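User: Hi! I have a structure open and would like to go through its side-chain contacts with you. Could you walk me through them?

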Amino acid sequence: MLRKSLMAAYLIAGAVFLTACDSRSVDKADEPDMKKITTEIMYRERMALPPGAELTVSFANVAKMDVAEELVAKTTVTELGMPPYEVELPYDANKIDPKGRYSARAVIKLNDRLIYTTDTSNDVFASDENGKVQLMLKRVGGGHEAAHKSAAKQVSSNASLTNTYWKLMTLNGESVDVGAGDKEVYLQLMSENKAIRGFSGCNRYMGEYRIGSDGLKFGPIGSTMKACMKGMELEQSYLKALEDMHSVVVRGETLTMKNHAGDVVASFESRYMQ
């Protein structure tokens with residue numbers, strides 16, 4: 001009897017010890033492995049930014065198609081002098097996916113209006129000989145000169161119609177949900193080859209566009225031919241809106257589509273370029 005009791009006690013003690021070890025292992029795995037990326041931001045104009053300008057630098061995983069970027073780190077700086085601007089991005093290395101594709105982005109806004117932005121993909125782990133990721137900004141909507149004027153008056157600074165990831169926000173005045181596979185409906189107008197592409201709720205679509213004196217016009221739009229349990233109704237309404245599109249307006253980071261009657265059929269917001 002005593003021998004059995006001792007054996008049971010040893011087994012219990014061993015189980016407690018193993019549980020404690022496992023707990024420490026899990027706790028250690030959950031601990032953040034903090035590292036940092038150092039960025040250096042420039043623009044070509046040799047002028048200081050006006051008071052109130054804000055610089056936001058971020059990096060995200062943009063490897064997944066049809067979904068918004070997976071934001072990893074983001075820093076906003078409000079006290080800006082002359083460029084270049086050095087900004088550090090702390091991040092948890094445990095959250096980095098070895099199969100991911102991580103790109104850095106920088107934007108400068110004045111009174112919530114976009115005046116500078118990066119317009120290319122920037123590998124966040126490809127630093128220069130000084131250990132810094134170089135980001136070159138391009139002015140938007142009059143950029144630097146308009147920024148100085150906008151301190152006294154409102155100046156329209158708009159996201160680019162082309163080479164922008166436009167996420168669908170409303171259809172016929174109503175907010176929209178995600179489509180099949182929890183993918184968001186989006187539109188991209190690529191400047192190269194004048195190609196249009198996106199996701200419409202169930203299928204990918206593609207085609208061509210042109211911009212002339214009569215504005216933006218879409219050519220015939222093709223798509224994949226999948227049938228989905230979710231997103232089919234959304235897809236039909238969205239493709240009908242593209243078909244009815246007569247004019248588009250970009251204000252700030254919002255794209256609005258109108259039909260021949262002048263009614264808004266769809267609105268989009270700019271997102272990270274994938």
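User: Let's start with cysteines. How many disulfides does the structure hold?
Analyst: The structure holds one disulfide, meaning a pair of cysteine sulfur atoms within 2.5 Å. Before we go on, this is a predicted model, where local features need pLDDT of at least 70, side-chain atom pairs count only at pLDDT 80 or more, and totals for chains, interfaces and linings use all residues. Residues are numbered from 1 along each chain as its sequence is written, and side-chain values use heavy atoms, with hydrogens and water left out.

User: Got it. Which residues form the disulfide?
Analyst: Cys202 and Cys228 do, with their sulfur atoms 1.9 Å apart. The link is right-handed, with 75° about the S-S bond. It connects distant parts of the chain, 26 residues apart: Cys202 is in the loop between β11 (195–199) and β12 (204–212), while Cys228 is in the loop between β14 (222–223) and α3 (232–244). Those labels come from DSSP runs numbered from the N terminus, with helices (H or I) of at least four residues and strands (E) of at least two.

User: And are Cys202 and Cys228 buried or exposed?
Analyst: Both Cys202 and Cys228 are buried. Buried means under 20% relative accessible area, exposed means over 50%, and partly exposed is in between (1.4 Å probe, protein chains only).

User: New topic: how many aromatic pairs are there?
Analyst: There are ten aromatic pairs. Rings of Phe, Tyr and Trp (its six-membered ring) pair if their centres lie within 6.5 Å; planes under 30 degrees apart are stacked, over 60 edge-to-face, and the rest tilted. One of the pairs is Phe59 with Phe125, which is edge-to-face at 6.2 Å centre to centre and 70° between the planes.

User: Where do Phe59 and Phe125 sit in the chain?
Analyst: They are 66 residues apart, in distant parts of the chain: Phe59 is in strand β2 (residues 53–61) and Phe125 is in the loop between β6 (113–117) and β7 (133–139). Phe59 counts as buried because its relative accessibility is 0%, whereas Phe125, at 41%, counts as partly exposed. Ring pairs also link Phe59 and Phe125 with Tyr91 and Tyr102 into a cluster.

User: Nice. Which residue lies over the face of Phe199?
Analyst: That's Lys183, at 5.7 Å from the ring centre. The rule here is that NZ of Lys or CZ of Arg is within 6 Å of the ring centre and within 35 degrees of the ring normal.

User: Okay, salt bridges. What's the count?
Analyst: The count comes to eight salt bridges, each being a side-chain nitrogen of Lys or Arg within 4 Å of a carboxyl oxygen of Asp or Glu. Among them is Lys109 with Glu253, whose closest N and O atoms are 2.9 Å apart. This pair links distant parts of the chain, 144 residues apart, with Lys109 in strand β5 (residues 102–110) and Glu253 in the loop between β15 (247–251) and β16 (254–258).

User: Why does Lys109 count as partly exposed?
Analyst: Because its relative accessibility is 29%. Glu253 is partly exposed too, with a relative accessible area of 23%.

User: What about the salt bridge of Lys240 and Asp244?
Analyst: Their side chains meet at 2.7 Å, N to O. Both lie in helix α3, four residues apart, about one turn of the helix. Salt bridges that share partners also join Glu40, Glu86 and Lys132 into one network.
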